[in-house]
Amino acid sequence: MAGGAAFSDAKPTPILKDELDIVIPTIRNLDFLEMWRPYFEPYHLIIVQDGDPSRTVRVPDGFDYELFNRNDINRILGPKASCISFKDSACRCFGYLVSKKKYIFTIDDDCFVAKDPSGKEINALEQHIKNLLNPSTPLFFNTLYDPYREGADFVRGYPFSLREGVPTAVSHGLWLNIPDYDAPTQLAKPLERNTRFVDAVLTIPKGTLFPMCGMNLAFNRQLIGPAMYFGLMGDGQPIGRYDDMWAGWCMKVICDHLGYGVKTGLPYIWHSKASNPFVNLKKEYNGIFWQEELIPFFQSAVLTKECTTVQKCYLELSKQVKAKLGKIDPYFLKLADAMVTWVEAWDELNGSGENSLKLTNDPEK
């Protein structure tokens, strides 16, 4: 009996426990982790502290984490630290650089555990993992959405030759409560809240762009990591709040070229805090105009057959950014250079032998 009781009390090993890092950008104490403890505690956290590096960020006891502030970023990357944004959540991509895991889940510190319509808590991380471990179907749309989910399949007329799908590179989750609106929409609809829970996962079709949000996002770092650069935003830059969308546009063009898939829909998180629309408008002002030229650029971007790796694709894209977007504003010349620096830093930190980076878990840094 005693043996049976002990066996029944044993907790199952979390999925991908040793293959996934959780990356969190922050400027504040991470009390929000208490709500996520049942889901996050078994995993390793990479916390990227933005802003004043002398400020102490408190992390609740019991979590396995590494914390990097701006001093650490400068120490580890040296001159290449210029490609990592400051005073902007785009700094999170430093965590992607230094991770050694196959998968990344990144979440904002104002995102809490949501509940489905039945009142059950949603394990967002578990759903992201399901999305990533199952194929995507970008080449032909399935009207029952994700055919690999329990209770679904390919509908009549779906080509059998395409039913194996393609590897999933990115899982893009959504949010209940505060929607991810731009500043003009925030100002027009200050009281609007998202209460619609749509129980669906969709593959975004090949050739279709989307506005990627970084607050509830997971990806296969091994497949697409070098494309997940969140650009130059925030302090000293003429634009903000376009970091995740820039990464999403670059990533989607590269996924389409290399034959990878991107999913959106479940899981939901509860987005608790609306940011100031007037502050947002200052950050977004240039982007609102520039995006009308950025979108056609990405829609028409073509990568050559020589672009056989994510790095080669990204460097080719950086050349096109410089050649075609540089005329919009000098910022894009600087951004194109930063894209190259990012790839160099990625290769340096993710190489082998003497180039491999040895990091220690030092919460007091």
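## Ground rules

Because the model is predicted, local features need pLDDT of at least 70 and side-chain atom pairs count only at pLDDT 80 or more, while totals for chains, interfaces and linings use all residues. Residues are numbered from 1 along each chain as its sequence is written, and side-chain values use heavy atoms, with hydrogens and water left out.

Helices here are DSSP runs of H or I with at least four residues, strands are runs of E with at least two, and both are numbered from the N terminus. Buried means under 20% relative accessible area, exposed means over 50%, and partly exposed lies in between, with a 1.4 Å probe and protein chains only. As background, an α-helix has 3.6 residues a turn, so residues three or four places apart point the same way.

Contact, here and below, means heavy atoms within 4.5 Å. The two ends of α3 have features of their own. At its start, a side-chain oxygen of asparagine 69 comes within 2.9 Å of the backbone nitrogen of asparagine 71. This is a polar contact, meaning a pair of N or O atoms within 3.5 Å; within protein, one must be able to donate a hydrogen and the other to accept it, and residues adjacent in sequence count only if both atoms are side-chain atoms. Just after α3, glycine 78 has a positive phi of about 60°.

Helix α11 also holds threonine 341, which counts as buried at 17% relative accessibility. Leaving aside neighbours within four places in sequence, threonine 341 is in contact with Lys80 and Cys83.

## Backbone geometry to check

If you like to look at torsions, start with the cis peptide bond between leucine 266 and proline 267, where omega is about 10°. Proline 267 sits in strand β9, residues 261-271.

Two residues other than glycine have positive phi values. For lysine 87, phi is near 60°; this residue is in the loop between α3 and α4 and counts as exposed at 52% relative accessibility. For asparagine 177, phi is near 80°; asparagine 177 is in strand β6, residues 168-177, and counts as buried at 13% relative accessibility.

## An annotated arginine

UniProt, in an unreviewed entry, lists Arg156 under "glycosylation site". UniProt positions follow the numbering used here, feature names are shortened, and annotations may be inferred rather than shown by experiment. Arginine 156 is in the loop between α5 (124-133) and β6, and at 83% relative accessibility this residue counts as exposed.

## Cysteines

How many disulfides does the structure hold? There are 0, where a disulfide is a pair of cysteine sulfur atoms within 2.5 Å. For cysteine 111, the closest cysteine sulfur is that of cysteine 213, at 7.4 Å, which is too far for a bond. For cysteine 250, the closest is in cysteine 313, and 11 Å is again too far for a bond. Cysteine 111 is buried, at 0% relative accessibility, and cysteine 250 is buried at 0% as well.

## Nonpolar cores

A nonpolar core is a set of buried Ala, Val, Leu, Ile, Met, Phe, Trp, Tyr and Cys residues joined through side-chain atoms within 4.5 Å. The largest has 70 residues, of which Ile224 and Trp246 touch the most other members. Helix α11 gives the most to this core, with 11 residues. Apart from this core lies another, of 32 residues, among them Trp36, Val57, Tyr103 and Leu125. Not counting residues up to four places away in sequence, isoleucine 224 touches Ala169, Val170, Phe219, Met251, Ile254, Cys255, Tyr260 and Val310.

Val310 is also one of the contacts of leucine 258, together with Cys307, Thr308, Thr309 and Cys313, leaving aside neighbours within four places in sequence. Leucine 258 lies in helix α8, residues 243-258, and is partly exposed, with a relative accessible area of 22%.
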